[in-house]
Amino acid sequence: MTATQPTTGPGTEATEQPGVTGAPSGSRKPGGDVRETLYFALRNPKVLVGGFVVLAFLLLGLIGPAFLRYAPMDYAGPPMAPPGGDFPLGTTTFGQDVFAQFVAGLRSTFLVGVLGGAVAAVIGMTIGFVAGYRGGLIDELLNMLTNVVLVIPGFVVLIIINAYLGVRSVPMQALYIGIFSWPWVARAVRSQTLSLRSRDFIDLARLSGVGVGTILRREVAPNMYSYLFMTFVLLFGGSILTAASLDFIGLGPTNAMSLGLMMNQAVQWSALHLGLWWWFVPPGLGITLIVGSLYIMNVGLDEVFNPKLRET
Amino acid sequence: MRGYLARKTLVYGLTFVVAVTLNWLIPRLMPGDPVQRMVARAAVQHPETIESMTVYYERMFGLDLPIWQQYLNYWGSLFRGDLGTSVWLFPTPVSQVVLDAVPYTLGIMIPAIVLSFVIGNTVGAMAARSRWLDNVALPVGYLITAMPYMWLAILLAWGLGVALGWFPVAGGYDFGLVPQWSWSFAADLLHHWVLPFLSLFLVSLGGWAIGMRNLIIYELESDYSNYLSALGAPRRLVRRYAFRNAMLPQITGLALQLGTVLGGALVTEIVFAYPGLGKLVLSAIQNQDFFLLQGTLLFVVIGVLVANFVIDIVYVLVDPRTRTGLTGATA
Amino acid sequence: MALSVTDLRVYYRTLKGDVKALDGVTFDVADGEIMGIAGESGCGKTTLGKALIRLDNRMRHAGGTVALDGEKLPIADDAAMRRHRYREVSLIPQYAMSAMNPTRKIGKMIRDLLAAHGVRYAEVLPELERRLALVGLDAEVLKRYPIELSGGMKQRVVLVLSTLLNPSLLIGDEVTSALDVSSQKAVARALVEFRDHGFVRSMVVITHDISVLFQVADTILVMYAGHLAEKAPARTIIDEPLHPYTKMLIGALPQVGDRYDEQQLSGIEGRPPSLLNPPTGCRFRDRCPLAHDRCAEAPPFREVAEGHQVACWAVS
């Protein structure tokens, strides 16, 4: 095995051999069809519970605002009101509705997760595919680039970027986060591509005179879909955590409420000393549950895609 | 082995150049006249500060010079150790401000990293293939890993600090004390250290445990484990080998995690107003002290690169494959 | 009789049900005999090899017995089986290239393994060095890491290590598949030599490559879809095969000494039946040119000549 494993959240390992298993005496079909995958996915408790929690928060973020009476920043009620009555999660020191802020923050959280994850996934997969497939000098150069970005403490560079250039919107923040979180994806995809490249079907496609892009899309990518999907899930969670830290430092988007910003304001306005737990517990709990559910879902998906784990 | 380290050094050298270049480039991407904007944004009162700032900014940016010369000058002042003067703590040099803060950050980071690594890996190794531990440790581990660093810090500050009153929740030492070499001061320092350390330690713990568990399972299914078992080796021996080999990717992972843990340390310090680099970053942002911000970045980059190099040397010592010149995929 | 297998059944547990990979297998291996097992992939030969030493966690012992030197082996009980492994039954695995811990020096690994069996490394060392020399290796290899050795060298180290405690039975699973032709010959010769020196009493050599068996095996057992098809002395299997499947297997072989792989073997029309719900009767009948009504009933594996057994109705 290689000594390097793609790593995301501290030490969360995605082993480099997804789904490769010695079928007992060739009696099982290699690869799985979509229906079979879905069958196992819908029967895996980890996938179900994780998916349910994530979807529940997503729905709350999507349709929640329709039922709110106050805007997140409105001075809507009495200051420092505990949860109950008009304000299910209480109010801030200024009488802002914590629930309204929470719902609005969920939207930013999902947006930054999806966009940041997508940007990182696209960059990482492209670079990984191209490096692994083309090999030679291109591989050397891309590999070097990957290693450099991998070693740079991205969070600190993000601080500098945000401080100088300012980040006005959530998509902008997601873009910057994505730019610094792709390297391990590129590494993993590269090694996967290398191992797939040597297989017969790629040669066959090449002999039939199909272009590189088509080969990658038609032959290599389908063999890696499960792996790529799981990668995206991890990037999604990672982007959310990074964004929360930036927002907390006060370098988040200036035009949107976010869960990180809620924690920033709570700490800044002494919510800890005043005991306003309803102000700082929900945003962090929301992030923890969303990201944690994504991770647990990922373990479940691993079992679904990797029959060896499924049976034991 | 020499090839392995040479390659790594090349990567680190390149990374340093890229980081310095970014540090130089980003302010120049600011829309409008950066000098005017920054002086205006800084909103400082002292006339001499404003003047010094304007002069320094102009010298640093040297906007009338050709772009390549601006770039070379930047490197020149860097090698003289000149990171500028802090605006916030005028007229202390940035390097002095940063050096004063570094021990606090290292003081919580190093113990947190080392202890979480050791304990996390041990727990993970025990959890692998133990159904009961696995069912408890795994979900808990994932939830801890999913916690935003500052949230756990906030919870600890609120629970153990404000509510129970066991630990102070702000500062590196009591405001009434003057830093000195005495037992009472050391005790106070330690008292303030507990919560930031604990917070960082706990968030890192889950990831190592999960990583080790997954790696051990992977190793236990590997060919050498099967061969040993087929030759009647007891479980103990097979697991010992698996653990040893699973440590290798974990060590690589440690290097990759440094950036993340560092980010965690910064926000944790902010929650506890702990006088390390995180607090410095926050103050720099709030006071629009860009020299300080950039100086901190450079220090952090250098620190991460040095730590990476140390980890590489450790890796060479524990993985014979790098020594025999037959490097695996690590490079 | 060194090894005596009676009606052995081993199934794979899958979600869809049991895959009957080994479905009632009876045979003996005499003292000093090297028996080769041949067949397409999926015929149960690898399962048989594993059943004799260590079931993997998806395998289930569904019936039958294995006896070695008259003593019944507790093959379903992993812990009880441990006592028999290495000293009595040993293995050269399919994956010899990666069988040794990549981060331990070979000598250190052997020392650890011997210690676990209560044997002192220093006592065995002279014999170990002698045997390494026998397969053309310097004692120097003990101070090396596996990654520093070539494929052929690793294979030979594994051969020496696996037989170090003079087991009664050695199972060789695809011993030569991963090697080039010259290394193949060397390893094949070494196997025979080790038997001749008495390092190993008897051997079961599993391979999809019949040409290897011509070089090493005294007798050859042909398997098909979890059943035995034919067993006879190696010469007889080559010159006068009786079972239609054996004939096709030999016929599909381009020439002795060449290797064939599964693609070439598909020269035999059709595929083996699914072992999830195998058909009753002779399992080869769908592909058999001689099939007739009687084949709906499973043919017995009976002796047709001295040391020659066949399971086919067409053979009288």
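This is a predicted model: local features need pLDDT of at least 70, side-chain atom pairs count only at pLDDT 80 or more; totals for chains, interfaces and linings use all residues.
Me: Ile313(B): buried, exposed or in between?
Reply: Partly exposed, at 36% relative accessibility. Residues are numbered from 1 along each chain as its sequence is written, and side-chain values use heavy atoms, leaving out hydrogens and water.

Me: Which helix holds Ile313(B)?
Reply: Helix H12 of chain B, residues 290-318. Helices are DSSP runs (H or I, at least four residues), numbered from the N terminus.

Me: Switching to Ser229(B). Buried or exposed?
Reply: Buried, since its relative accessible area is 12%. Ser229(B) sits in helix H9 of chain B, residues 223-230.

Me: What does the side chain of Ser229(B) reach?
Reply: The backbone oxygen of Ser225(B), at 2.9 Å.

Me: And which residues is Ser229(B) in contact with, leaving aside neighbours within four places in sequence?
Reply: Val238(B), Arg54(C) and Arg85(C). Contact means heavy atoms within 4.5 Å.

Me: How many residues are in the largest nonpolar core?
Reply: It has 270 residues. Ile159(A) and Phe27(C) are among those with the most contacts inside it. Helix H10 of chain B (residues 235-271) gives the largest share, 18 residues. A nonpolar core is a set of buried Ala, Val, Leu, Ile, Met, Phe, Trp, Tyr and Cys residues joined through side-chain atoms within 4.5 Å.

Me: What does Ile159(A) contact, leaving aside neighbours within four places in sequence?
Reply: Its contacts include Leu246(A), Ile249(A), Leu266(B) and Leu293(B).

Key. Chains are lettered from A and ligands numbered from 1 in the order in which they are written. Helices (H or I, at least four residues) and strands (E, at least two) are DSSP runs, numbered from the N terminus. Buried means under 20% relative accessible area, exposed over 50%, partly exposed in between (1.4 Å probe, protein chains only). A polar contact is a pair of N or O atoms within 3.5 Å; within protein, one must be able to donate a hydrogen and the other to accept it, and residues adjacent in sequence count only if both atoms are side-chain atoms.
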